[in-house]
Amino acid sequence: MTDRLHGPFRARPSHPLQGQFQAPGDKSISHRAFMFAALAQGESLIEAALESDDVLNTAKAMAAIGADVERTGPGAWRVTGLGGRFESPTEDLDFGNSGTGVRLVMGLLAGTGIKARFVGDASLSSRPMKRVTDPLAQMGAKLVTQDGRLPVDMQPAQLTGIDYTPPMASAQVKSAVLLAGLTAQGVTVVREPVPTRDHTETMLKLFGGEITVALDGEGRRITLPGSQRLDRAHIRIPGDPSSAAFAVVAALITPGSEVTITGVMDNPARSGLYRTLQDMQADLDICPGPDMAGEHTIDITARYSALKAIDVPAERAPSMIDEYPILSVAAAFADGTTRMHGLDELRAKESDRLAATADLLAANGVSVAIEGDTLAVTGAAEVPGGGRVATLHDHRIAMSGLVLGLAAQNPVEVDDTAMIATSYPDFLDHMAALGAELEPVR
Ligand code: S3P
């Protein structure tokens, strides 16, 4: 129902939310499945893929470099890969809003001997690219940015493995270097002082790739040999914990609610929000489900809860980096002041998410302060609402604003909903099925 997602929307204080749905496919894993399938030799099958704008742009990019990409049913795709023999695309590779898409594909293609130009929308074009082009250049990649941003022009190059420690905790940077390492000569090592999501490492093994991950103090050392040939694979995508977070928090803050989301990926590098909500005394039942694509899954039942404020440590940030806007909405209803530390990286997301989250809350009468890289939110049993949220083309700000409106005293408006389709095209349908009152603003 992507076509319903445009223009301003309003969320009204709702009756209790009730019901169950299956979490949409994980965005990070869907991107990677298309990339690995295109790089592998032969016909791979992908099931339960997230068909959001971001992922579809990655699928289109894989087709533009010569992979045969065919949709065979809802969420089902057949991708016939070329064993790394890509062709230069005749048009720009447009990644729309997606940092993951553009940064990982730069790594994937940098050593394959083709030319390409990488572009994106206004939000993506304002985001930093040197965090990826710098290490890729150290490997020998020929990538020219526009002052560190898109468009990026890539020329054919032969890469050599490097030993790299990213200066920020970023799975995108790690993954770009690892993907480039697959086509490089020699060994590539990435050292992570703080572990980030490990989906690239896990999925590479499913495609027959060779990679070792060793514990290194608090962090990890990831090593892979170059010049790898990948085999085709059959991948079923687990549900997205970052998308499930919206209905979970909606249930926790809307009196009388009980909501179950099934098939949610459970990976310690992604589950920081759920740990944090439990620390805040959220009533969450967790029930194990089947493994998919090398990842565990769980069903989560969330019931309305009297939340308590806590301090969220900086070390937890990489495992919940996309969840701070919706955690901040939960914090607005918690007893006391929740302090979330170590949020510098939020400034480099689809918007300056630290400022956008604070503005979202302030516009709706919540007491909030940014103290360095800490966000402090003081909760109240009754949140006034009544504000209009500036989404700044950021899907997670839009969804968080609407969730706030379900439990506030007055309706909350968000100025646009189009960007929600980048990560969660079924958001409105899923929320409406639970009884949430969401309507377009005429
Ligand atoms: C992602 C990594 C994270 C996250 C993004 C998806 C990934 O970005 O914010 O939504 O799939 O690797 P960073 O690695 O830049 O923190």
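## Strand β15 and its partners

Strands β15 and β17 (residues 296-303) pair in the antiparallel sense over seven bridges; two strands count as paired if DSSP finds at least two bridges between them. Within this pairing, Met 265 has Thr 297 of β17 as its bridge partner. Strands here are DSSP E runs of at least two residues, numbered from the N terminus.

This is a predicted model, in which local features need pLDDT of at least 70 and side-chain atom pairs count only at pLDDT 80 or more, while totals for chains, interfaces and linings use all residues. Residues are numbered from 1 along each chain as its sequence is written, and side-chain values use heavy atoms, with hydrogens and water left out.

Strand β2 (residues 18-22) also pairs with β15, in the parallel sense and over five bridges.

## A four-stranded open sheet

Another place to look is the open sheet with the order β6-β7-β9-β8 and mixed pairing. Its edge strands, β6 (93-94) and β8 (142-146), each pair on one side only. Strand β8 runs antiparallel to β9 (residues 149-155), joined by four bridges, and Lys 142 has Gln 155 of β9 as its bridge partner.

## Around Glu 413

Glu 413 sits in strand β23 (residues 412-414). Leaving out residues up to four places away in sequence, Glu 413 touches Phe 9, Arg 10, Gly 387, Arg 388, Val 389 and Val 441, where contact means heavy atoms within 4.5 Å.
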